[in-house]
Amino acid sequence: MSLESYMNQIGQQARAASRLLAKASTKQKNMALFAMADALENARPRLISENAKDMENGQAKGLDSALLDRLLLDDARINGMIEGLKQVASLPDPIGEISDMVYLPSGIQRGQMRVPLGVIGIIYESRPNVTIDAASLCLKSGNATILRGGSEAFYSNQAIAEAVKKGVVAAGLPEHAVQVLNTTDREAVGMLISMPEFVDVIVPRGGKGLIERISKDARVPVIKHLDGNCHVYIDEEADLEKAFAIAMNAKTRRYGVCNAMESLLVHVASAEQILPKLVAAYQEKGVELVGCEQSRAISTVIGEASEEDWYTEYLAPKLSIKIVSDMDEAITHINKYGSHHTDAIVSQNYSKTRAFMTEVDSSSVMVNASTSFADGFEYGFGAEIGISTDKIHARGPVGLLGLTSQKYVVLGDGHTRDN
């Protein structure tokens, strides 16, 4: 079968499955999620052995440590995938929910009903656990999904796909509700994003280059997340003990994730007290530091930051540091150089934190908390399909509601319009 024929078949199967999923009961969808969890547990040895092939190939190709970390599937991450499925099953089903029902002067009632988007195409790199996150959220929200993982995780994704299919079929749902492409041909991506007759929305997850290409070439709507250039601002009225813990966690918890801090902003009044302690702690962790002239005057360990550094999502043990004169300068810096993903303030001043929340133009804004919390699991969504930096429809971690739309419903009793 040619690639074009294969992709058309995948699209037709997804469209047919979407119509059945749209009317599936909550009980049936939850049964599928629990059956998928059981299938993953039973497939644990296979998942780890198939992932080992991907890890070996990744090392041979020279993938850096951050990418290899994203690629790894161990017992802890499989446990997380299973727990994610169970959490999604426990979430309220939004489909069919009717809101804002009101009587109008004509006598009719008007409201809005929550409905699936239809077929969602998801293109992602490295992290095989995304396969489960995407499958579970799309299924619970009544959407069929077509998944195209990165070639570096091919064996892992195919093993996960087998478990997903077993769970879906066990619950009596269409076997093509979740389809993982079995090709690494890059042309498949171009075809997937050019099938409006079969695909309703595309969600790309990966590097900035991938997402820019998808956004440019797609013929269907895209929910995009460009990059995660996240900031932590330590105010002059910060609790420095909290600030230290937050700044360390935001950067060093994991380097290769989109919610990791990439730039640290410190009020000039707090810099002399906290910066030397942070520099020493970052050095112990092997984090490369670059910064502004004022920060380099405090510590000779800090190298010179270029203009490009302020824009960069490192996804690596590297951090840029800037000392600012006040919160307004911090906000201006964030809104200019940031990616509108996640930014945090550490301050005990209520008025300042309220202003920061209002004025920082990001999909998530944290007050006295690490940027690491910008995550669908941590937000109580069970999992996430991605973190959208768009301003239309879905913004921030995209959970069940972000994968639905609304249609107007009108209730009458023989009503007719006179004028």
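Me: Hi! Which helix gives the most to the lining of the largest pocket?
Reply: Helix 5 does, with five residues. Keep in mind that this is a predicted model.

Me: Thanks! What volume does that largest pocket have?
Reply: The largest pocket comes to about 610 Å³. Two elements give two or more residues to its lining, namely helix 5 (75–90) and helix 6 (129–140).

Me: Which residues should I look for near its centre?
Reply: Of the 27 lining residues, Arg127, Asn129, Arg254, Asp375 and Phe377 lie nearest the centre of the largest pocket. By class, the lining holds nine nonpolar, eight polar and 10 charged residues.

Me: OK, and the second largest pocket, how much space lies in there?
Reply: About 380 Å³. The second largest pocket has 25 lining residues, and Arg70, Glu125, Gly206, Gly207 and Leu315 are the ones nearest its centre. Helix 4 (residues 65–71) contributes the most to this lining, with three residues.

Me: Changing topic: how many cavities of 30 Å³ or more are there?
Reply: The structure has two of them. The largest cavity has a volume of about 50 Å³, and the second largest cavity holds about 40 Å³.

Me: What lines the largest cavity?
Reply: Its lining includes Gly149, Phe154, Asn157 and Thr184. Helix 7 (residues 154–170) supplies the largest share, three residues. The lining has three nonpolar and six polar residues, with no charged ones.

Me: And how does the lining of the second largest cavity divide by class?
Reply: That one has six nonpolar, three polar and one charged. Among its lining residues are Val203, Lys224, His225 and Val398.

How values were computed. Residues are numbered from 1 along each chain as its sequence is written. This is a predicted model: local features need pLDDT of at least 70, side-chain atom pairs count only at pLDDT 80 or more; totals for chains, interfaces and linings use all residues. Side-chain values use heavy atoms; hydrogens and water are left out. On a 1 Å grid over the protein atoms alone, a cavity is a set of points where a 1.4 Å probe fits but cannot get out, and a pocket is an open set with protein on both sides within 12 Å along at least five of seven lines; lining residues have an atom within 4 Å of a point. Grid points are joined across faces, edges and corners, and a volume is the space filled by probe spheres set on the points. Helices (H or I, at least four residues) and strands (E, at least two) are DSSP runs, numbered from the N terminus. Ala, Val, Leu, Ile, Met, Phe, Trp, Tyr, Cys and Pro count as nonpolar, Asp, Glu, Lys and Arg as charged, and the others, Gly among them, as polar.
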